[in-house]
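Subject: Structure handover

Hello,

Please find the structure below.

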Amino acid sequence: MSDQPLLIMKGIKKSFGKINVLRGIDLEVDYGEIVALVGDNGAGKSTLIKIITGVHKPDAGEVTYKGNRITLHSVKESRQLGIETVYQERALADQQEMWRNIFAGREITNIFGFMDVKAQRRETERLLREHMGFTSSAITVNSPVKSLSGGEKQGIAIGRAIYFHADLIILDEPTMGLALKETDRVLNFVRGFRDQGKSAIFIDHNIFHVYDVADRFVILDRGTVAGQFTKAEISQDELIANMVHLHHSGTLQ
Ligand SMILES: Nc1ncnc2c1ncn2[C@@H]1O[C@H](COP(=O)(O)OP(=O)(O)OP(=O)(O)O)[C@@H](O)[C@H]1O
Ligand SMILES: [Mg+2]
C-alpha cells in the first residue's frame, strides 16, 4: 500500500458522437473506502465506471491504479488488476450453471492445462456456503443462472469478487429490483468489503442505501462533478436536499 489513493482519475472525458457525456471528471478512491456516485439519470455514472472496467476508452484524461498509469482495453484486463463489477444487467450467461459463471474467463486448470471442473464445482460450493448468503435449498452449484432470483445473481457476482480477491469492486445499481432481504444482503456485503480494507464504488438511486454504506459521496451532474462530501460533512437529509436542488436548479444548495 502506498500513500497514493488506490484509484486516481484525472480529467476524464468521453463523448458518444456529438454528446459530451463526461466533461473532465476527477475521481479518487482510497484504500478501504466506499465511494458513492450519485446523480440524475444520464449524468454519466455508468459511463465513468465503464472506463474503470475497460468497457470504454476515455477520449482524454488519466487513470492511475495502485500507483501505475493504466490504459485498459478490455474488461478482462481490469479483472486481472483486481477490479470486479457487479451490475443488475450483468453479463452472466443465463443458460450456464452457477459454477461455470463464477469462473468464466478465468477457469481453474489442471497440470495438463484442461479445465478442472471438479475444483470449480468444489470452490463454488464453498463460496455458496460461506459467502454468497444463499438460503434456498433448491439452489446448487449446478443450477442454471436463469433459475436464480435477482438477488442470487448478485450473489454470484459478489462470490466472484471474493474468490478472485478483488481490491476494487464496482457496484452499479446492485439493489435494483431486489426485495428487502436481498438488498440487505448486498449492502452487508459492501460493508464487509470495507472491513477487509477493500474499496468500492457504489451507484444507487436510493439515497438511503447510499448514505448507509458509503464513506464519501460524489455528485455527478451532466458529465461533471457538481460536488463531493465525506459522510462527516453532510447529513442524509442535506444530501437529499442537495440532490433535489440540483435536479431543479442545476446547482447545489
Ligand atoms: N454507448 C453509448 N452510446 C451513446 N450514448 C451513450 C452510450 N452510453 C451512454 N450514453 C449516453 O450517455 C449519457 C450518460 O449515460 P450513463 O449511462 O453514463 O448515465 P447514468 O448516470 O449511469 O444514468 P442512470 O442513472 O440512468 O443509469 C446518457 O445520455 C446516455 O444516453
Ligand atoms: Mg447508469
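A residue is called buried if 20 or more other C-beta atoms lie within 10 Å of its own, exposed if 12 or fewer do, and partly exposed in between, with C-beta atoms placed from the backbone. Gly192 is partly exposed because it has 13 other C-beta atoms within 10 Å.

Before the rest, two notes on conventions. This is a predicted model, in which local features need pLDDT of at least 70 and side-chain atom pairs count only at pLDDT 80 or more, while totals for chains, interfaces and linings use all residues. Residues are numbered from 1 along each chain as its sequence is written, and chains are lettered from A and ligands numbered from 1 in the order in which they are written.

Helix α6
Helices (H or I, at least four residues) and strands (E, at least two) are DSSP runs, numbered from the N terminus. Gly192 belongs to helix α6, which covers residues 180-195. This helix has 16 residues and spans 22 Å from its first C-alpha to its last, close to the expected 22 Å; the expected span is 1.5 Å times one less than the number of residues. Its buried residues are Glu182, Thr183, Arg185, Val186, Leu187, Phe189, Val190 and Phe193. They pack against β3 (34-38), α5 (150-163), β7 (168-172), β8 (199-203) and α7 (207-213). Just after α6, Gly197 has a positive phi of about 80°.

Five of the five residues of β8 are buried. Ser199, Ile201 and Ile203 lie on one side, Ala200 and Phe202 on the other. Two strands pair if DSSP finds at least two bridges between them. β8 pairs in the parallel sense with β3 over four bridges, where Val35 stands opposite Ile201. β7 and β8 are also parallel, with five bridges, and Asp172 has Ile203 as its bridge partner.

The core
A nonpolar core here is a set of buried Ala, Val, Leu, Ile, Met, Phe, Trp, Tyr and Cys residues joined through C-beta atoms within 7 Å. The largest one has 60 residues, and those with the most contacts inside it include Ala36, Val190, Ala200 and Phe202. Contact between two residues means that their C-beta atoms, placed from the backbone, lie within 7 Å. Leaving out residues up to four places away in sequence, Ala36 touches Phe202, Val210, Ala214, Phe217 and Val218.

The open sheet
Four strands form an open antiparallel sheet in the order β2-β1-β4-β5. Its edge strands, β2 (19-29) and β5 (68-69), each pair on one side only. β4 (residues 60-65) joins β5 over two bridges, with Thr64 opposite Arg69.

Phe164
Phe164 sits in the loop between α5 and β7 and is partly exposed, with 14 C-beta neighbours inside 10 Å. Beyond its neighbours within four places in sequence, Phe164 is in contact with Glu84 and Arg106. Arg79 is 85 residues from Phe164 along the chain, and their C-alpha atoms are 8.7 Å apart.

Ligand 1
A residue is taken as near the ligand if its C-beta atom, placed from the backbone, lies within 6 Å of it. The residues around ligand 1 are Phe16, Val21, Gly39, Asn41, Gly42, Ala43, Gly44, Lys45, Ser46 and Thr47. Helix α1 (residues 45-52) supplies the largest share, three residues.

Regards
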